[in-house]
Amino acid sequence: MDAQPKTGLILTGGGARAAYQVGVLAAIAQLRRDACATGDNPFKVISGTSAGAINAATLACQADDFCSAVDGLMYIWQNIHVDQVYTADAFGVIRTGARWLTMMSLGWAVARWRRTRPRSLLDNAPLRGLLSQWIQMDRLDDMLAQGHLDALAVTGSSYTSGHHVTFYQSHQAYDPWVRTQRLAVQTPRLSVEHLVASSAIPFIFPSEPLSLNGTVEWFGDGSMRQTAPISPAVHLGAEKVLIIGAGRMHESGGEGASSPMPQGHPSLAQIAGHALSNIFLDALAVDIERMQRINNTLSLLSGEALRNTPLRPIEALVIAPSRPLDSLAAERQGALPPAIRALLRSVGVSGEGANASGSALVSYLLFEPEYTSELITLGMADTLARRSDIQRFFGWPAQAPQIDPAMMRKRAGGFALQVPPNPPGPPRLVA
């Protein structure tokens, strides 16, 4: 039995916003080096949803070298481009997005659209190829067998049955759990298909078929109908959890509170951005509040009463952006390819900076270094600002961090991925 409490890592969804998580992880890796806390992977249970599932799987498949895994994530997210995630050329946009919009407006009157209904606004076929090169899923079995990791959980939402499903892979047996509208399934092998399904943003990306108890069901983004994001890590044995959010969680007015108030009737882009924020952000905040209430209640129980309840207190550390990410996206909307900008203009995305409209939607789709590198820098800064909390959470000695330039080095670790020549330099951060 481990002397130290088992620590879980929870990475939430949010499309391109998941770059923020990488900045947090990079700062944690540096603080870990400062504390000379090398050795085993600091997270025995890793749970990911949507784009967070992609980051989670990367860490899990390189659980024998946490710093190398974080370096790889840094490299990818600082050099990623839209066309590596979804088709962004004019022909591809016409084939998916324009057809989808036409179907919405004229499809009822054109019989042939009934036979060729588009599946989504954008085609994420490039993402599948990227993940196949990026993440070495065949290493997961070894990481589990060698004890570097206890479990990896990836969540998806079934359009077929309506259930929210947690797929998990572990070396030892954990009893699956069933709750209202959600269930868990132990799978012998998690795959790239699970990651594609978990990150299939509703309406934006197409659903993915997965086998569930011997039946094929169609799955979309795991953030949909996710009422308890913390639950998988706890069920898989985590006694304390680090939670990395994808949007501000403790400010009245919501994620876009500091953005200019829209005038007149909201555009489709504004409505879509609001809906995505509800899907990706609200459930986590509610679940954290629920966990805190349970912890407070358990603290009032006597030792005997505590032993007689199946509930147990869970220590949690939450790190979330200190700035609204939609405002950062508004400053970088011009980095999107022309065909994507044209498509998004048709649903109400316009302008840039203070005059931008629909930037909340853009914040999930802006897979470009101008934006993702800024999110990484923000994640690092937010984490270093909480260094004492992090040192206390992990039990590391309190000391001022010495920022290692190697933390920002560009290397892909074990990934066999072709990357653009002369990648942009790393973000600079002064602690």
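A salt bridge is a side-chain nitrogen of Lys or Arg within 4 Å of a carboxyl oxygen of Asp or Glu. Arg 128 forms one with Glu 208, with the closest N and O atoms 2.8 Å apart. Keep in mind that this is a predicted model, where local features need pLDDT of at least 70, side-chain atom pairs count only at pLDDT 80 or more, and totals for chains, interfaces and linings use all residues. Residues are numbered from 1 along each chain as its sequence is written, and side-chain values use heavy atoms, with hydrogens and water left out.

**How confident is the prediction?**

- The protein averages a pLDDT of 83, and 81% of the residues score at least 70; pLDDT is the predictor's confidence in each residue, from 0 to 100.
- Residues 251-259 have a pLDDT below 50, and this stretch has 16 contacts in the model beyond near neighbours in sequence (contact means heavy atoms within 4.5 Å).
- For residues 410-431 the pLDDT is also below 50, with 48 contacts beyond near neighbours in sequence.

**Salt bridges**

- By the rule above, the count comes to 11 salt bridges.
- Side chains of opposite charge can pair when their charged atoms come close.
- Helices (H or I, at least four residues) and strands (E, at least two) are DSSP runs, numbered from the N terminus.
- Arg 128 also forms a salt bridge with Glu 193, and here the closest N and O atoms are 3.8 Å apart.
- Since Arg 128 is in helix H5 (residues 125-134) and Glu 193 is in helix H7 (residues 192-198), that pair ties together parts 65 residues apart in sequence.
- Glu 208 is buried, at 7% relative accessibility, while Arg 128 is partly exposed at 31% and Glu 193 is partly exposed with a relative accessible area of 31%. Buried means under 20% relative accessible area, exposed over 50%, and partly exposed in between (1.4 Å probe, protein chains only).
- Elsewhere, Glu 374 forms a salt bridge with Arg 332, the closest N and O atoms being 3.1 Å apart.
- Glu 374 sits in helix H14 (residues 369-385) and Arg 332 in the loop between helix H11 (325-330) and helix H12 (338-345), so they tie together parts 42 residues apart in sequence.

**Nonpolar cores**

- The largest nonpolar core has 104 residues, and those with the most contacts inside it are Leu 59, Trp 77, Tyr 86 and Leu 152. A nonpolar core is a set of buried Ala, Val, Leu, Ile, Met, Phe, Trp, Tyr and Cys residues joined through side-chain atoms within 4.5 Å.
- Helix H1 (residues 19-34) gives the most to this core, with 10 residues.
- Not counting residues up to four places away in sequence, Tyr 86 touches several residues, including Leu 122, Phe 205, Ile 340 and Phe 367.

**Strand S9**

- All covered up: 5 of the 5 residues in strand S9 (residues 240-244) are buried.
- Lys 240, Leu 242 and Ile 244 are buried on one side, and Val 241 and Ile 243 on the other.
- S9 runs parallel to strand S1 (residues 7-11), joined by 5 bridges, and Ile 10 has Ile 243 as its bridge partner in S9. Two strands pair if DSSP finds at least two bridges between them.
- S9 also pairs in the parallel sense with strand S10 (residues 315-319) over 5 bridges, where Ile 244 stands opposite Ile 319.
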